[in-house]
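Here's a quick briefing to read alongside the structure. Have the viewer open and click along as you go.

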Amino acid sequence: MNFSYLTDPAHWDLSATGSIPNLILSHLGYTCLALLFGALIALPVGLYIGHTGKGSFIAINAGNAGRSLPTLGLLMLMVTLLGLGLLPVLIALTVLVIPPILTSAYAGMRNVDQRVVDAARGMGMRPWQVLTRVELPMALPVMFGGFRNGALQVVATATVAAAVGLGGLGRLLIDGLAVNDYSRVLAGAIVVAALAVLVDLFLALIQRLVVSPGLKGS
Amino acid sequence: MKRIVAAVAMALTLTACGANSDPLADEPAASGAAGGSVTVGSANFPESQLLAEIYSQALETKGVTVTRKFNIGAREVYLKALQDGSISLLPEYNGALLAALSPNGVPAGVSSPDAVLAELKKVLPAGTEVLEQSAAEDKDTLTVSAETATKNNLKTIEDLKAVAPTLIAGGGPEFTERQQGLKGLKEVYGVEFKEYKPLDPGGPLTVSALKDGDIQVANLFSTDSSIVTNKFVTLEDPKNLFTSQNVIPLIRTEANNANVTGALNAVSGKLTTENLTSYLAQVQVDKKDIAVVAKAFLSENGLS
(Lines give C-alpha, C1' and ligand atoms only; values in the text may rest on other atoms or scores of the structure.)
Protein backbone atom coordinates (compact mmCIF):
# COMPACT_ATOMS: atom_id res chain seq x y z
CA MET A 1 0.00 0.00 0.00
CA ASN A 2 1.42 3.30 -1.06
CA PHE A 3 -0.35 6.37 0.24
CA SER A 4 2.09 8.90 -1.22
CA TYR A 5 -0.36 10.36 -3.75
CA LEU A 6 -3.00 10.83 -1.06
CA THR A 7 -0.64 12.44 1.44
CA ASP A 8 1.23 14.76 -0.97
CA PRO A 9 0.10 18.30 -0.01
CA ALA A 10 0.50 19.42 -3.65
CA HIS A 11 -2.46 17.22 -4.55
CA TRP A 12 -4.68 19.03 -2.04
CA ASP A 13 -4.27 22.51 -3.51
CA LEU A 14 -7.78 23.66 -4.36
CA SER A 15 -6.54 26.19 -6.94
CA ALA A 16 -4.75 23.53 -9.05
CA THR A 17 -6.88 21.87 -11.72
CA GLY A 18 -7.01 18.13 -11.20
CA SER A 19 -6.20 18.38 -7.47
CA ILE A 20 -8.15 16.15 -5.09
CA PRO A 21 -10.39 18.94 -3.64
CA ASN A 22 -11.13 20.10 -7.17
CA LEU A 23 -12.11 16.60 -8.24
CA ILE A 24 -14.24 16.20 -5.09
CA LEU A 25 -16.13 19.38 -6.02
CA SER A 26 -16.83 18.24 -9.58
CA HIS A 27 -17.74 14.78 -8.26
CA LEU A 28 -20.22 16.32 -5.81
CA GLY A 29 -21.49 18.53 -8.63
CA TYR A 30 -22.42 15.53 -10.80
CA THR A 31 -23.88 13.79 -7.74
CA CYS A 32 -26.08 16.75 -6.73
CA LEU A 33 -27.32 17.37 -10.27
CA ALA A 34 -28.18 13.69 -10.76
CA LEU A 35 -29.99 13.59 -7.40
CA LEU A 36 -31.84 16.81 -8.20
CA PHE A 37 -33.06 15.64 -11.61
CA GLY A 38 -33.75 12.15 -10.28
CA ALA A 39 -35.85 13.58 -7.43
CA LEU A 40 -37.68 16.00 -9.76
CA ILE A 41 -38.76 13.07 -11.91
CA ALA A 42 -39.19 10.28 -9.38
CA LEU A 43 -40.73 12.10 -6.38
CA PRO A 44 -43.92 13.42 -8.06
CA VAL A 45 -44.48 10.08 -9.79
CA GLY A 46 -43.78 8.08 -6.64
CA LEU A 47 -46.00 10.31 -4.48
CA TYR A 48 -48.83 10.21 -7.01
CA ILE A 49 -48.71 6.43 -7.26
CA GLY A 50 -48.44 6.08 -3.49
CA HIS A 51 -51.27 8.54 -2.78
CA THR A 52 -53.73 7.20 -5.34
CA GLY A 53 -52.59 3.58 -5.48
CA LYS A 54 -52.88 3.79 -9.28
CA GLY A 55 -50.12 2.38 -11.47
CA SER A 56 -48.16 0.76 -8.66
CA PHE A 57 -46.89 -1.82 -11.14
CA ILE A 58 -45.02 1.03 -12.86
CA ALA A 59 -43.20 1.88 -9.66
CA ILE A 60 -42.28 -1.72 -8.98
CA ASN A 61 -41.23 -2.59 -12.54
CA ALA A 62 -39.43 0.66 -13.25
CA GLY A 63 -37.57 0.12 -10.01
CA ASN A 64 -36.52 -3.40 -10.90
CA ALA A 65 -35.65 -2.67 -14.53
CA GLY A 66 -33.80 0.54 -13.70
CA ARG A 67 -31.60 -1.17 -11.15
CA SER A 68 -30.36 -3.71 -13.67
CA LEU A 69 -29.22 -1.13 -16.27
CA PRO A 70 -25.42 -0.95 -16.33
CA THR A 71 -24.52 2.71 -15.90
CA LEU A 72 -21.28 2.52 -17.87
CA GLY A 73 -23.02 0.85 -20.82
CA LEU A 74 -25.84 3.39 -20.74
CA LEU A 75 -23.27 6.19 -20.59
CA MET A 76 -21.42 4.90 -23.66
CA LEU A 77 -24.73 4.59 -25.51
CA MET A 78 -25.64 8.18 -24.59
CA VAL A 79 -22.21 9.43 -25.67
CA THR A 80 -22.64 7.68 -29.01
CA LEU A 81 -26.05 9.30 -29.45
CA LEU A 82 -25.38 12.76 -27.99
CA GLY A 83 -21.64 13.23 -28.20
CA LEU A 84 -19.33 14.16 -25.34
CA GLY A 85 -20.34 16.48 -22.54
CA LEU A 86 -22.16 16.70 -19.22
CA LEU A 87 -25.57 15.68 -20.57
CA PRO A 88 -24.86 11.97 -21.26
CA VAL A 89 -23.30 11.62 -17.80
CA LEU A 90 -26.27 13.29 -16.11
CA ILE A 91 -28.74 11.08 -17.99
CA ALA A 92 -26.89 7.90 -17.03
CA LEU A 93 -26.60 8.92 -13.36
CA THR A 94 -30.20 10.18 -13.19
CA VAL A 95 -31.44 6.84 -14.49
CA LEU A 96 -29.43 5.27 -11.69
CA VAL A 97 -31.04 7.33 -8.90
CA ILE A 98 -34.65 7.23 -10.12
CA PRO A 99 -35.43 3.63 -8.97
CA PRO A 100 -34.53 4.00 -5.27
CA ILE A 101 -36.26 7.40 -5.00
CA LEU A 102 -39.34 6.27 -6.89
CA THR A 103 -39.85 3.00 -5.03
CA SER A 104 -39.20 4.53 -1.62
CA ALA A 105 -41.62 7.40 -2.28
CA TYR A 106 -44.26 4.87 -3.30
CA ALA A 107 -43.52 2.51 -0.42
CA GLY A 108 -43.40 5.36 2.09
CA MET A 109 -46.84 6.57 1.02
CA ARG A 110 -48.35 3.09 1.02
CA ASN A 111 -47.07 2.46 4.53
CA VAL A 112 -48.89 5.42 6.02
CA ASP A 113 -51.49 4.11 8.43
CA GLN A 114 -54.83 4.34 6.61
CA ARG A 115 -56.63 5.08 9.89
CA VAL A 116 -54.62 8.27 10.24
CA VAL A 117 -55.54 9.25 6.69
CA ASP A 118 -59.19 8.52 7.44
CA ALA A 119 -58.98 10.60 10.58
CA ALA A 120 -57.46 13.48 8.61
CA ARG A 121 -60.27 13.28 6.08
CA GLY A 122 -62.80 13.11 8.89
CA MET A 123 -61.41 16.36 10.27
CA GLY A 124 -62.25 17.97 6.94
CA MET A 125 -58.83 18.09 5.32
CA ARG A 126 -58.76 18.44 1.57
CA PRO A 127 -56.83 15.79 -0.47
CA TRP A 128 -53.91 18.21 -0.94
CA GLN A 129 -53.80 18.86 2.80
CA VAL A 130 -53.95 15.14 3.53
CA LEU A 131 -50.97 14.65 1.23
CA THR A 132 -48.79 17.48 2.44
CA ARG A 133 -49.66 17.54 6.15
CA VAL A 134 -50.26 13.88 6.96
CA GLU A 135 -49.03 11.42 4.34
CA LEU A 136 -45.82 13.18 3.29
CA PRO A 137 -44.45 13.82 6.80
CA MET A 138 -45.25 10.25 7.81
CA ALA A 139 -43.66 8.83 4.65
CA LEU A 140 -40.49 10.87 5.10
CA PRO A 141 -38.38 8.31 7.02
CA VAL A 142 -38.87 5.66 4.30
CA MET A 143 -38.41 8.23 1.52
CA PHE A 144 -35.18 9.41 3.10
CA GLY A 145 -33.96 5.84 3.14
CA GLY A 146 -34.43 5.63 -0.63
CA PHE A 147 -32.86 9.02 -1.20
CA ARG A 148 -29.79 8.11 0.87
CA ASN A 149 -29.53 4.83 -0.96
CA GLY A 150 -29.61 6.67 -4.31
CA ALA A 151 -27.07 9.22 -3.10
CA LEU A 152 -24.67 6.46 -2.05
CA GLN A 153 -25.00 4.73 -5.40
CA VAL A 154 -24.48 7.90 -7.38
CA VAL A 155 -21.43 8.99 -5.35
CA ALA A 156 -19.84 5.61 -6.03
CA THR A 157 -20.86 5.53 -9.70
CA ALA A 158 -20.12 9.15 -10.66
CA THR A 159 -16.56 7.91 -11.24
CA VAL A 160 -17.74 6.82 -14.72
CA ALA A 161 -17.80 10.50 -15.76
CA ALA A 162 -14.03 10.31 -16.09
CA ALA A 163 -14.33 7.55 -18.70
CA VAL A 164 -15.77 10.08 -21.15
CA GLY A 165 -13.38 12.92 -20.55
CA LEU A 166 -15.07 14.72 -17.64
CA GLY A 167 -13.70 15.26 -14.15
CA GLY A 168 -14.72 13.83 -10.79
CA LEU A 169 -12.82 11.37 -8.64
CA GLY A 170 -12.87 8.77 -11.44
CA ARG A 171 -9.99 10.78 -12.96
CA LEU A 172 -7.70 9.46 -10.21
CA LEU A 173 -8.76 5.88 -10.95
CA ILE A 174 -8.65 6.05 -14.75
CA ASP A 175 -5.54 8.22 -15.12
CA GLY A 176 -3.79 6.24 -12.39
CA LEU A 177 -4.46 2.98 -14.21
CA ALA A 178 -3.39 4.49 -17.55
CA VAL A 179 0.04 5.46 -16.25
CA ASN A 180 0.48 2.54 -13.81
CA ASP A 181 0.34 4.89 -10.83
CA TYR A 182 -1.35 2.64 -8.28
CA SER A 183 -0.79 5.12 -5.48
CA ARG A 184 -3.14 7.45 -7.36
CA VAL A 185 -5.71 4.69 -7.92
CA LEU A 186 -5.63 3.92 -4.20
CA ALA A 187 -6.08 7.62 -3.37
CA GLY A 188 -9.12 7.72 -5.66
CA ALA A 189 -10.67 4.63 -4.12
CA ILE A 190 -10.17 5.89 -0.56
CA VAL A 191 -11.52 9.38 -1.29
CA VAL A 192 -14.61 8.00 -3.06
CA ALA A 193 -15.35 5.68 -0.15
CA ALA A 194 -14.81 8.45 2.40
CA LEU A 195 -16.99 10.83 0.40
CA ALA A 196 -19.80 8.26 0.23
CA VAL A 197 -19.74 7.88 4.03
CA LEU A 198 -19.67 11.65 4.58
CA VAL A 199 -22.56 12.26 2.18
CA ASP A 200 -24.61 9.59 3.95
CA LEU A 201 -23.82 11.09 7.37
CA PHE A 202 -24.81 14.53 6.09
CA LEU A 203 -28.13 13.23 4.77
CA ALA A 204 -28.72 11.37 8.07
CA LEU A 205 -28.29 14.69 9.85
CA ILE A 206 -30.79 16.39 7.53
CA GLN A 207 -33.17 13.51 8.14
CA ARG A 208 -32.96 14.06 11.90
CA LEU A 209 -33.78 17.73 11.40
CA VAL A 210 -36.76 17.37 9.07
CA VAL A 211 -38.51 14.22 10.26
CA SER A 212 -41.17 14.94 12.86
CA PRO A 213 -40.04 14.04 16.40
CA GLY A 214 -43.28 12.12 16.82
CA LEU A 215 -42.12 9.59 14.22
CA LYS A 216 -38.71 8.92 15.74
CA GLY A 217 -38.11 5.29 16.38
CA SER A 218 -40.85 4.20 14.05
CA MET B 1 -15.76 1.09 -8.27
CA LYS B 2 -16.98 -2.49 -8.38
CA ARG B 3 -16.50 -2.44 -12.15
CA ILE B 4 -12.93 -1.26 -11.93
CA VAL B 5 -12.10 -3.87 -9.30
CA ALA B 6 -13.72 -6.50 -11.52
CA ALA B 7 -11.78 -5.29 -14.55
CA VAL B 8 -8.52 -5.44 -12.65
CA ALA B 9 -9.35 -8.89 -11.34
CA MET B 10 -10.19 -10.03 -14.86
CA ALA B 11 -6.97 -8.59 -16.25
CA LEU B 12 -5.01 -10.41 -13.56
CA THR B 13 -6.82 -13.67 -14.30
CA LEU B 14 -6.11 -13.31 -18.01
CA THR B 15 -2.45 -12.60 -17.37
CA ALA B 16 -2.33 -15.61 -15.11
CA CYS B 17 -3.92 -17.76 -17.83
CA GLY B 18 -1.31 -16.57 -20.29
CA ALA B 19 1.45 -17.47 -17.87
CA ASN B 20 0.11 -20.93 -17.11
CA SER B 21 -0.79 -22.13 -20.58
CA ASP B 22 2.68 -22.03 -22.03
CA PRO B 23 2.41 -21.52 -25.79
CA LEU B 24 6.01 -22.60 -26.11
CA ALA B 25 5.67 -25.95 -24.40
CA ASP B 26 6.40 -28.18 -27.36
CA GLU B 27 9.81 -27.84 -28.91
CA PRO B 28 10.14 -26.74 -32.53
CA ALA B 29 10.77 -29.66 -34.83
CA ALA B 30 14.34 -29.74 -35.98
CA SER B 31 14.55 -29.70 -39.72
CA GLY B 32 17.24 -30.19 -42.24
CA ALA B 33 15.55 -28.33 -45.07
CA ALA B 34 17.96 -26.67 -47.45
CA GLY B 35 16.62 -23.15 -46.88
CA GLY B 36 16.98 -23.37 -43.10
CA SER B 37 14.40 -23.56 -40.35
CA VAL B 38 12.80 -20.71 -38.44
CA THR B 39 10.30 -20.60 -35.57
CA VAL B 40 8.23 -17.43 -35.95
CA GLY B 41 6.62 -15.87 -32.89
CA SER B 42 4.28 -12.91 -32.49
CA ALA B 43 2.80 -10.67 -29.82
CA ASN B 44 -0.83 -10.98 -28.77
CA PHE B 45 -2.43 -8.38 -31.04
CA PRO B 46 -3.66 -8.71 -34.63
CA GLU B 47 -1.09 -6.49 -36.32
CA SER B 48 1.81 -8.49 -34.87
CA GLN B 49 0.15 -11.76 -35.90
CA LEU B 50 -0.45 -10.48 -39.42
CA LEU B 51 3.20 -9.42 -39.76
CA ALA B 52 4.38 -12.76 -38.35
CA GLU B 53 2.21 -14.60 -40.87
CA ILE B 54 3.56 -12.45 -43.72
CA TYR B 55 7.13 -13.28 -42.59
CA SER B 56 6.24 -16.98 -42.33
CA GLN B 57 4.74 -17.23 -45.81
CA ALA B 58 7.56 -15.18 -47.36
CA LEU B 59 10.06 -17.61 -45.82
CA GLU B 60 8.09 -20.66 -46.93
CA THR B 61 8.09 -19.51 -50.55
CA LYS B 62 11.91 -19.44 -50.27
CA GLY B 63 11.98 -23.04 -49.07
CA VAL B 64 12.51 -22.28 -45.37
CA THR B 65 10.82 -24.64 -42.91
CA VAL B 66 8.60 -22.49 -40.69
CA THR B 67 7.09 -23.33 -37.29
CA ARG B 68 4.46 -20.84 -36.09
CA LYS B 69 4.24 -19.85 -32.41
CA PHE B 70 1.95 -16.84 -32.61
CA ASN B 71 0.03 -14.93 -29.96
CA ILE B 72 2.64 -15.45 -27.24
CA GLY B 73 1.86 -12.39 -25.12
CA ALA B 74 3.37 -9.05 -24.25
CA ARG B 75 6.94 -8.00 -25.02
CA GLU B 76 8.28 -9.15 -21.63
CA VAL B 77 7.14 -12.70 -22.41
CA TYR B 78 8.07 -13.08 -26.08
CA LEU B 79 11.52 -11.51 -25.71
CA LYS B 80 12.31 -14.15 -23.09
CA ALA B 81 11.11 -16.83 -25.51
CA LEU B 82 13.40 -15.40 -28.19
CA GLN B 83 16.36 -15.37 -25.83
CA ASP B 84 15.88 -18.95 -24.66
CA GLY B 85 15.59 -20.10 -28.27
CA SER B 86 11.98 -21.31 -28.22
CA ILE B 87 11.30 -18.87 -31.05
CA SER B 88 13.80 -17.47 -33.51
CA LEU B 89 12.02 -14.65 -35.38
CA LEU B 90 9.61 -11.87 -34.38
CA PRO B 91 8.09 -8.80 -36.00
CA GLU B 92 9.06 -5.87 -33.77
CA TYR B 93 8.74 -2.07 -33.62
CA ASN B 94 12.10 -0.32 -33.40
CA GLY B 95 11.11 2.40 -30.89
CA ALA B 96 9.15 0.18 -28.52
CA LEU B 97 11.85 -2.50 -28.63
CA LEU B 98 14.54 0.08 -27.91
CA ALA B 99 12.54 1.39 -24.95
CA ALA B 100 12.08 -2.15 -23.61
CA LEU B 101 15.79 -2.92 -23.89
CA SER B 102 17.03 0.39 -22.44
CA PRO B 103 16.89 0.18 -18.63
CA ASN B 104 17.28 3.95 -18.32
CA GLY B 105 14.81 4.77 -21.07
CA VAL B 106 15.42 5.86 -24.64
CA PRO B 107 18.26 8.42 -24.76
CA ALA B 108 17.07 12.00 -25.31
CA GLY B 109 16.86 13.11 -28.92
CA VAL B 110 16.69 9.58 -30.32
CA SER B 111 13.41 9.44 -32.23
CA SER B 112 14.00 9.42 -36.00
CA PRO B 113 13.90 5.96 -37.66
CA ASP B 114 17.65 5.90 -38.36
CA ALA B 115 18.69 7.17 -34.93
CA VAL B 116 16.43 4.62 -33.24
CA LEU B 117 17.83 1.79 -35.37
CA ALA B 118 21.43 2.79 -34.62
CA GLU B 119 20.71 2.96 -30.90
CA LEU B 120 18.76 -0.32 -31.01
CA LYS B 121 21.68 -2.20 -32.54
CA LYS B 122 23.79 -1.25 -29.49
CA VAL B 123 21.40 -2.81 -26.97
CA LEU B 124 20.17 -6.00 -28.70
CA PRO B 125 20.41 -9.15 -26.56
CA ALA B 126 23.39 -11.38 -27.34
CA GLY B 127 22.75 -13.83 -30.16
CA THR B 128 20.05 -11.72 -31.81
CA GLU B 129 20.10 -9.24 -34.67
CA VAL B 130 17.68 -7.03 -36.58
CA LEU B 131 17.33 -7.02 -40.35
CA GLU B 132 16.31 -4.10 -42.57
CA GLN B 133 13.54 -1.98 -41.09
CA SER B 134 10.45 -1.18 -43.14
CA ALA B 135 8.85 2.20 -43.78
CA ALA B 136 5.69 0.94 -42.04
CA GLU B 137 5.17 2.52 -38.63
CA ASP B 138 2.56 2.04 -35.94
CA LYS B 139 3.17 5.08 -33.80
CA ASP B 140 1.49 7.92 -31.93
CA THR B 141 0.07 10.61 -34.18
CA LEU B 142 -1.89 13.81 -33.95
CA THR B 143 -4.79 13.44 -36.33
CA VAL B 144 -7.43 15.99 -37.37
CA SER B 145 -10.55 15.85 -39.48
CA ALA B 146 -10.23 16.77 -43.15
CA GLU B 147 -12.39 19.83 -42.47
CA THR B 148 -10.13 21.11 -39.67
CA ALA B 149 -7.05 20.47 -41.80
CA THR B 150 -8.39 22.45 -44.77
CA LYS B 151 -9.84 25.28 -42.71
CA ASN B 152 -6.60 25.90 -40.82
CA ASN B 153 -4.25 24.74 -43.57
CA LEU B 154 -2.71 22.07 -41.36
CA LYS B 155 -0.06 19.68 -42.68
CA THR B 156 2.40 19.29 -39.82
CA ILE B 157 2.26 19.62 -36.05
CA GLU B 158 4.16 22.90 -36.44
CA ASP B 159 1.14 24.38 -38.25
CA LEU B 160 -0.93 23.67 -35.14
CA LYS B 161 0.92 26.16 -32.96
CA ALA B 162 -1.09 29.21 -34.03
CA VAL B 163 -4.53 27.56 -33.87
CA ALA B 164 -4.02 25.11 -30.98
CA PRO B 165 -5.37 27.55 -28.32
CA THR B 166 -8.75 27.39 -30.07
CA LEU B 167 -8.79 23.58 -30.47
CA ILE B 168 -9.82 20.77 -28.15
CA ALA B 169 -7.68 17.64 -28.27
CA GLY B 170 -8.47 14.14 -27.03
CA GLY B 171 -6.99 10.67 -26.68
CA GLY B 172 -5.79 8.30 -23.98
CA PRO B 173 -5.54 9.67 -20.42
CA GLU B 174 -1.79 8.86 -20.32
CA PHE B 175 -1.15 11.37 -23.14
CA THR B 176 -1.54 14.29 -20.70
CA GLU B 177 1.47 13.26 -18.64
CA ARG B 178 3.87 11.70 -21.13
CA GLN B 179 6.85 13.42 -22.70
CA GLN B 180 5.58 11.96 -25.99
CA GLY B 181 2.31 13.75 -25.31
CA LEU B 182 1.19 17.17 -24.15
CA LYS B 183 4.50 17.89 -22.38
CA GLY B 184 6.60 17.27 -25.49
CA LEU B 185 4.12 19.10 -27.72
CA LYS B 186 4.59 22.20 -25.60
CA GLU B 187 8.38 21.90 -25.33
CA VAL B 188 9.19 20.85 -28.89
CA TYR B 189 6.48 22.56 -30.93
CA GLY B 190 5.10 25.19 -28.55
CA VAL B 191 1.65 23.68 -29.09
CA GLU B 192 -0.81 24.16 -26.23
CA PHE B 193 -4.43 23.14 -26.70
CA LYS B 194 -7.43 24.95 -25.28
CA GLU B 195 -8.40 21.71 -23.55
CA TYR B 196 -7.48 18.03 -23.54
CA LYS B 197 -10.23 15.46 -23.06
CA PRO B 198 -8.91 12.20 -21.60
CA LEU B 199 -10.82 9.45 -23.46
CA ASP B 200 -9.57 6.03 -24.63
CA PRO B 201 -6.13 5.39 -26.21
CA GLY B 202 -6.69 4.98 -29.95
CA GLY B 203 -10.16 3.64 -29.19
CA PRO B 204 -13.71 4.03 -30.54
CA LEU B 205 -14.60 6.86 -28.15
CA THR B 206 -11.75 9.04 -29.42
CA VAL B 207 -12.53 8.23 -33.05
CA SER B 208 -16.22 9.09 -32.69
CA ALA B 209 -15.42 12.26 -30.72
CA LEU B 210 -13.19 13.40 -33.60
CA LYS B 211 -15.81 12.43 -36.15
CA ASP B 212 -18.56 14.33 -34.30
CA GLY B 213 -16.35 17.37 -33.73
CA ASP B 214 -16.38 17.09 -29.92
CA ILE B 215 -12.62 17.18 -30.27
CA GLN B 216 -10.68 18.63 -33.20
CA VAL B 217 -7.34 16.89 -32.66
CA ALA B 218 -6.98 13.23 -31.69
CA ASN B 219 -4.06 11.10 -30.53
CA LEU B 220 -4.51 8.02 -32.73
CA PHE B 221 -2.10 5.29 -33.86
CA SER B 222 -0.80 5.49 -37.40
CA THR B 223 -2.10 2.11 -38.64
CA ASP B 224 -5.64 2.77 -37.34
CA SER B 225 -7.92 2.05 -40.29
CA SER B 226 -10.46 4.61 -39.03
CA ILE B 227 -8.05 7.32 -40.22
CA VAL B 228 -8.55 6.27 -43.84
CA THR B 229 -12.22 5.37 -43.44
CA ASN B 230 -13.10 8.80 -42.04
CA LYS B 231 -10.67 10.72 -44.28
CA PHE B 232 -8.85 12.04 -41.20
CA VAL B 233 -5.55 13.83 -41.79
CA THR B 234 -2.50 12.70 -39.81
CA LEU B 235 -0.20 15.63 -39.12
CA GLU B 236 3.47 15.17 -39.95
CA ASP B 237 5.96 15.25 -37.11
CA PRO B 238 9.02 16.99 -38.65
CA LYS B 239 10.80 17.35 -35.28
CA ASN B 240 10.27 13.65 -34.45
CA LEU B 241 8.56 14.19 -31.12
CA PHE B 242 7.00 10.75 -31.34
CA THR B 243 9.62 8.00 -31.38
CA SER B 244 9.56 6.12 -34.66
CA GLN B 245 7.95 2.67 -34.50
CA ASN B 246 9.11 1.07 -37.74
CA VAL B 247 8.28 -2.60 -38.25
CA ILE B 248 11.52 -4.57 -38.14
CA PRO B 249 12.35 -8.32 -38.07
CA LEU B 250 14.19 -9.40 -34.91
CA ILE B 251 15.93 -12.73 -35.42
CA ARG B 252 18.29 -15.12 -33.62
CA THR B 253 21.63 -15.04 -35.42
CA GLU B 254 21.84 -18.85 -35.56
CA ALA B 255 18.51 -19.02 -37.49
CA ASN B 256 19.58 -16.42 -40.02
CA ASN B 257 21.19 -17.07 -43.39
CA ALA B 258 21.35 -15.28 -46.72
CA ASN B 259 18.13 -16.91 -47.88
CA VAL B 260 16.20 -15.84 -44.75
CA THR B 261 17.65 -12.33 -44.82
CA GLY B 262 16.74 -11.96 -48.48
CA ALA B 263 13.14 -13.03 -47.94
CA LEU B 264 12.59 -10.79 -44.90
CA ASN B 265 14.32 -7.75 -46.38
CA ALA B 266 12.11 -8.08 -49.47
CA VAL B 267 9.04 -7.92 -47.17
CA SER B 268 10.42 -4.89 -45.32
CA GLY B 269 11.04 -3.21 -48.68
CA LYS B 270 7.34 -3.47 -49.55
CA LEU B 271 5.73 -2.65 -46.19
CA THR B 272 4.43 0.89 -45.77
CA THR B 273 2.18 2.41 -43.12
CA GLU B 274 -0.54 2.77 -45.78
CA ASN B 275 -0.51 -0.81 -47.03
CA LEU B 276 -0.13 -2.26 -43.52
CA THR B 277 -3.16 -0.20 -42.46
CA SER B 278 -5.29 -1.47 -45.33
CA TYR B 279 -4.27 -5.14 -44.93
CA LEU B 280 -4.79 -4.85 -41.17
CA ALA B 281 -8.26 -3.41 -41.82
CA GLN B 282 -9.06 -6.57 -43.82
CA VAL B 283 -8.30 -8.55 -40.66
CA GLN B 284 -9.92 -6.25 -38.10
CA VAL B 285 -12.79 -4.66 -40.00
CA ASP B 286 -13.61 -7.26 -42.67
CA LYS B 287 -12.77 -10.17 -40.30
CA LYS B 288 -10.76 -12.03 -42.94
CA ASP B 289 -8.42 -14.85 -41.99
CA ILE B 290 -4.88 -13.68 -41.24
CA ALA B 291 -3.32 -16.36 -43.51
CA VAL B 292 -5.51 -15.24 -46.44
CA VAL B 293 -4.62 -11.56 -45.94
CA ALA B 294 -0.90 -12.36 -45.62
CA LYS B 295 -1.07 -14.36 -48.84
CA ALA B 296 -2.79 -11.45 -50.61
CA PHE B 297 -0.09 -9.07 -49.37
CA LEU B 298 2.69 -11.24 -50.78
CA SER B 299 1.07 -11.89 -54.15
CA GLU B 300 -0.04 -8.27 -54.61
CA ASN B 301 3.51 -7.10 -53.89
CA GLY B 302 5.22 -9.62 -56.15
CA LEU B 303 6.74 -11.59 -53.29
CA SER B 304 5.16 -15.00 -53.81
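Start with B:K211: setting aside neighbours within four places in sequence, B:K211 is in contact with B:N230 and B:F232. Keep in mind that this is a predicted model.

**Around B:K211**
- You'll find B:K211 in helix α9 of chain B.

**Nonpolar cores**
- The largest nonpolar core has 53 residues, and the ones with the most contacts inside it are A:L93, A:L169 and B:I215.
- On the chain A side, the elements giving two or more residues to this core are α1 (4-7), α2 (20-52), α4 (71-82), α5 (86-110), α7 (127-157) and α9 (182-210).
- What does B:I215 touch, leaving aside its neighbours within four places in sequence? Its contacts are A:L84 from chain A, plus B:I168, B:A169, B:G170, B:K197, B:L199, B:T206, B:A209 and B:L210 from chain B.
- There's also a second, separate core of 35 residues, which includes B:V64, B:L280, B:V293 and B:L303.

**Helix α12 of chain B**
- This helix covers residues 273-284, so to speak a 12-residue run, and reaches 16 Å from its first C-alpha to its last, close to the 16 Å expected at 1.5 Å a residue.
- Nine of the 12 residues of α12(B) are buried, so the helix is largely enclosed by the rest of the structure.
- The buried ones in α12(B) are B:T273, B:N275, B:L276, B:T277, B:Y279, B:L280, B:A281, B:Q282 and B:V283. One of these, B:L280, also turns up in the second core.
- What covers the buried residues of α12(B)? The cover includes α2 (46-61), α10 (225-229), β10 (247-252), α11 (258-270) and α13 (290-300), each from chain B.

**Where chain B meets chain A**
- The contact takes 14 residues from chain B and 23 residues from chain A.
- About 1500 Å² is buried between the two chains, and carbon and sulfur atoms give 66% of that area.
- How many salt bridges does the rule find across the interface of chain B and chain A? It finds one, and A:R184 forms a salt bridge with B:E177, with the closest N and O atoms 2.7 Å apart.
- For polar contacts between chain B and chain A, the count is three residue pairs, both residues being at pLDDT 80 or more.
- On the side of chain B that touches chain A, α1 (2-20), β7 (195-198) and α9 each supply at least two residues. Of these, α1(B) gives the most, with three residues.

**Chain A overall**
- Chain A has nine helices and zero strands, so its pattern along the sequence reads α-α-α-α-α-α-α-α-α.
- The C-alpha atoms of chain A fill a box of roughly 65 × 40 × 30 Å, taken along the principal axes.
- Buried residues make up 44% of the 218 residues in chain A.
- Among contacts in chain A between residues at least 6 apart in sequence, 72% join residues at least 24 apart.

Notes: Residues are numbered from 1 along each chain as its sequence is written. Chains are lettered from A and ligands numbered from 1 in the order in which they are written. This is a predicted model: local features need pLDDT of at least 70, side-chain atom pairs count only at pLDDT 80 or more; totals for chains, interfaces and linings use all residues. Side-chain values use heavy atoms; hydrogens and water are left out. A nonpolar core is a set of buried Ala, Val, Leu, Ile, Met, Phe, Trp, Tyr and Cys residues joined through side-chain atoms within 4.5 Å. Buried means under 20% relative accessible area, exposed over 50%, partly exposed in between (1.4 Å probe, protein chains only). Helices (H or I, at least four residues) and strands (E, at least two) are DSSP runs, numbered from the N terminus. Contact means heavy atoms within 4.5 Å. The expected span of a helix is 1.5 Å times one less than its number of residues. Buried area is the accessible area (1.4 Å probe) that two parts lose on being put together, summed over both. A salt bridge is a side-chain nitrogen of Lys or Arg within 4 Å of a carboxyl oxygen of Asp or Glu. A polar contact is a pair of N or O atoms within 3.5 Å; within protein, one must be able to donate a hydrogen and the other to accept it, and residues adjacent in sequence count only if both atoms are side-chain atoms.
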